[in-house]
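Colleague: I would like to learn how to read helix packing and cavities in a model. Could we go through one together?

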Amino acid sequence: MSGAALGLEIVFVFFLALFLLHRYGDFKKQHRLVIIATLLAWYLCFLIVFILPLDVSTTIYNRCKLALNSSPSESNGSYVTLAPSKQKCFKPWSYIPNGIMPIFWRVVYWTSQFLTWILLPFMQSYARSGGFSITGKIKTALIENAIYYGTYLLIFGAFLIYVAVNPNFNLQWNQLQTIGIAAANTWGLFLLVLLLGYGLVEIPRSHWNGAKRGYLLMKTYFKAAKLMTEKADAEENLEDIMEEVRKVNESIKYNHPLRKCIDTILKKCPTEYQERMGRNMDDYEDFDERQNSYPSEKSLVKLHKQVIYSVQRHRRTQVQWQILLEQAFYLEDVAKNETSASRQFVHTFQSQESENKFFQYFYTPTVEWYWECLLRPWFYRVLAVVLATFSVIVVWSECTFFSTNPVLSLFAVFIQLAEKTYNYIYIEMACFLTIFFLSICVYSTVFRIRVFNYYYLASHHQTDAYSLLFSGMLFCRLTPPLCLNFLGLTHMDATISHKNTQPTAYTSIMGSMRVLSFIADGFYIYYPMLVVILCIATYFSLGTRCLNLLGFQQFMGDNEMTSDLIDEGKELIRREKRKRQRQEEGENRRREWKERYGNREDSTRSRAVHTDQKESSFSESNTSRPLSKYTRSNGRTERDRIELLQDAEPLDFNADSVNDDPLESESGR
């Protein structure tokens with residue numbers, strides 16, 4: 001069992017990262033390199049969170065063995081060997097042999113740092129580039145990242161010159177490596193506290209509000225009004241871009257050197273626009289370079305980039321609108337079924353997706369009514385109280401974890417109590433719950449945050465490549481300081497506990513922060529206390545109010561603009577509901593008509609076919625008889641047909657041929 005736990009967690013975390021990436025990304029349409037890079041970044045960050053509790057339990061066991069083998073004597077402080085009978089160390093079930101964890105952490109950490117500082121920024125620019133070739137995209141990415149990389153190289157070069165000139169500094173390579181790690185962790189800790197302060201308050205509050213049916217329904221109406229505005233804006237933007245594509249498509253003909261670029265742009269357009277532009281295209285007209293002015297390749301690259309962005313945004317708003325409609329219809333159904341006397345959940349519209357039969361067998365309408373109308377609100381309230389308790393413990397520990405005598409951090413108290421009894425299961429569970437809650441508070445904020453339309457993680461496969469790569473960058477920058485902060489809360493970091501004990505394998509690769517004492521003894525200890533101010537600001541929704549004042553409409557119950565948007569969204573949902581009801585009524589009428597008159601129409605059709613067969617057989621029998629009896633009548637019919645055709649000849653009305661006497665015209669004919 002020594003390496004089984006590590007192997008199981010590695011496999012489990014991989015499938016967890018793959019599942020989340022499949023929910024937000026699109027494996028079929030997005031580039032494989034984007035999917036692989038984002039999956040690797042998410043996987044490494046989640047892996048650190050899940051493996052760190054095993055590192056803690058292994059470190060506690062190694063400390064026990066070290067204390068068992070050597071103990072200071074009472075006389076001169078030297079170390080003497082203890083008898084095995086005086087103390088016994090129990091090996092944890094998830095024990096990882098020595099030498100494995102340092103190598104593992106070194107590979108994981110430096111790979112994540114390479115991704116976040118070098119590869120992912122380059123791939124972001126590559127993904128957003130509108131170039132038509134790989135070389136063009138690489139060139140654009142290098143130009144866009146020149147300032148980004150140049151800034152870091154300038155700072156690092158200035159620091160090296162300062163160290164080389166100053167005789168007081170005698171830094172080795174390991175110390176320079178530690179300084180680089182400390183700089184990256186300082187930047188990550190700065191952002192970590194901001195996101196953590198928001199998540200510690202917003203997550204319990206969102207679950208508490210989840211128990212309020214009226215609150216969720218009003219917020220859904222508010223989202224519908226905002227999303228409709230964004231949807232209309234996306235459609236208008238797409239129309240403008242498609243109009244530019246149409247003009248360029250008509251100006252550049254089939255034998256123009258830039259025609260391949262136009263074909264590449266057309267492939268990115270929606271199907272209906274491609275068909276419309278294809279019908280108006282005349283490929284038989286040559287281009288004349290002297291008469292017409294044609295767009296340059298640089299302008300086509302810019303247009304290509306705009307087409308990719310506008311099509312992605314339009315598709316995302318369409319999908320989000322359908323999802324929001326389903327959510328609004330379901331919340332309205334819940335509000336109606338709360339007063340139902342039959343205690344069976346009735347849906348206004350049947351689900352368009354085919355549900356699992358096994359799920360339908362157990363999740364009956366009665367079970368659904370009890371869960372949605374009775375149990376779910378209370379479950380959300382209890383969960384909100386538990387999460388709020390965790391948040392209070394985290395805030396208290398963040399403000400007191402620097403105190404080692406007495407120990408005020410509650411997480412450190414829990415770990416030290418379990419360490420005395422060597423209850424490794426409890427230690428790992430306590431560590432896992434602590435770091436998992438911290439990760440949820442931080443990562444959920446990353447998933448919720450939206451920077452206009454440049455960064456936005458949208459579910460149901462609607463996240464673009466730029467946002468996926470940016471999320472991978474944030475995860476790789478936030479996870480190392482998050483783990484260091486967790487080790488400080490539990491006093492497993494020697495820098496915080498001020499004890500000369502064996503460090504964890506994770507902190508050993510970080511190096512000694514004593515090289516930068518102002519960071520180790522100042523920033524790392526006192527900056528996390530700002531989480532209290534951020535939690536208070538989040539509780540009173542100061543950020544939401546500031547955004548509302550700046551013109552970015554946010555959901556606020558005591559705002560007139562919010563009430564107007566709720567009414568607008570309610571009317572939009574009512575209109576879509578009537579539209580869908582009419583569609584379902586039409587489908588039901590067609591289905592009933594087919595069921596009622598389908599058999600009769602089939603019998604009538606078969607009877608008509610049988611009659612036609614009889615008539616055809618009768619005509620064949622008549623044609624086989626002698627035709628002498630009918631020659632006179634046939635001749636008369638032919639003569640009448642000729643006369644009718646002659647009377648039906650058109651007259652040529654001109655001045656010379658017009659005659660007023662019809663008899664003369666007949667005799668002349």
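Modeller: Start with a helix pair. Phe-411, Phe-414, Ile-415, Ala-418 and Glu-419 of α12 are in contact with Tyr-426, Ile-427, Ala-430, Cys-431 and Thr-434 of α13. Contact means heavy atoms within 4.5 Å. Helices are DSSP runs of H or I with at least four residues, numbered from the N terminus. By class, this contact of α12 with α13 has 8 nonpolar, 1 polar and 1 charged residues. Ala, Val, Leu, Ile, Met, Phe, Trp, Tyr, Cys and Pro count as nonpolar, Asp, Glu, Lys and Arg as charged, and the others, Gly among them, as polar.

Colleague: What kind of model is this, and how are residues numbered?

Modeller: This is a predicted model, in which local features need pLDDT of at least 70 and side-chain atom pairs count only at pLDDT 80 or more, while totals for chains, interfaces and linings use all residues. Residues are numbered from 1 along each chain as its sequence is written, and side-chain values use heavy atoms, with hydrogens and water left out.

Colleague: At what angle do α12 and α13 pack?

Modeller: Two packed helices are described by the angle between their axes and the distance between the axes. Axes are lines fitted to C-alpha atoms, for helices over the stretch in contact, and angles run from 0 to 180 degrees between N-to-C directions. Helix α12 (residues 410-421) packs on helix α13 (residues 424-448) at about 165°, and their axes are 9 Å apart. That makes α12 roughly antiparallel to α13 (the term covers angles over 145 degrees). Their crossing is left-handed, meaning that the near helix is turned anticlockwise from the far one by less than a right angle.

Colleague: Are α2 and α14 roughly parallel or antiparallel?

Modeller: The axes of α2 (residues 32-69) and α14 come within 8 Å and cross at roughly 15°. That makes α2 roughly parallel to α14 (angles under 35 degrees count as such). The crossing of α2 and α14 is left-handed. By class, their contact has 17 nonpolar, 4 polar and no charged residues. Residues of α2 in the contact include Trp-42 and Leu-52, and those of α14 include Phe-475 and Phe-486.

Colleague: How does α6 lie against α9?

Modeller: Axes of α6 (residues 213-251) and α9 (residues 297-337) come within 8 Å and cross at roughly 155°. The two helices are therefore roughly antiparallel to each other. Their contact has 22 nonpolar, 9 polar and 10 charged residues.

Colleague: How many cavities of 30 Å³ or more does the structure hold?

Modeller: Rolling a probe the size of a water molecule over the atoms shows where empty space is left. On a 1 Å grid over the protein atoms alone, a cavity is a set of points where a 1.4 Å probe fits but cannot get out, and lining residues have an atom within 4 Å of a point. Grid points are joined across faces, edges and corners, and a volume is the space filled by probe spheres set on the points. There are 2 cavities of 30 Å³ or more. The largest cavity has a volume of about 40 Å³, and helix α5 (residues 173-210) gives the largest share of its lining, 4 residues. That lining has 6 nonpolar, 1 polar and 1 charged residues.

Colleague: Which residues line the second largest cavity?

Modeller: Tyr-109, Gln-113, Trp-117, Ala-184, Asn-185, Arg-477, Pro-480 and Pro-481 line the second largest cavity, whose volume is about 30 Å³.

Definitions and conventions. 1 Å grid on protein atoms, 1.4 Å probe; cavity = no way out; pocket = protein on both sides within 12 Å on 5 of 7 lines; lining within 4 Å. Parallel < 35°, antiparallel > 145°, perpendicular 65-115°, else oblique.
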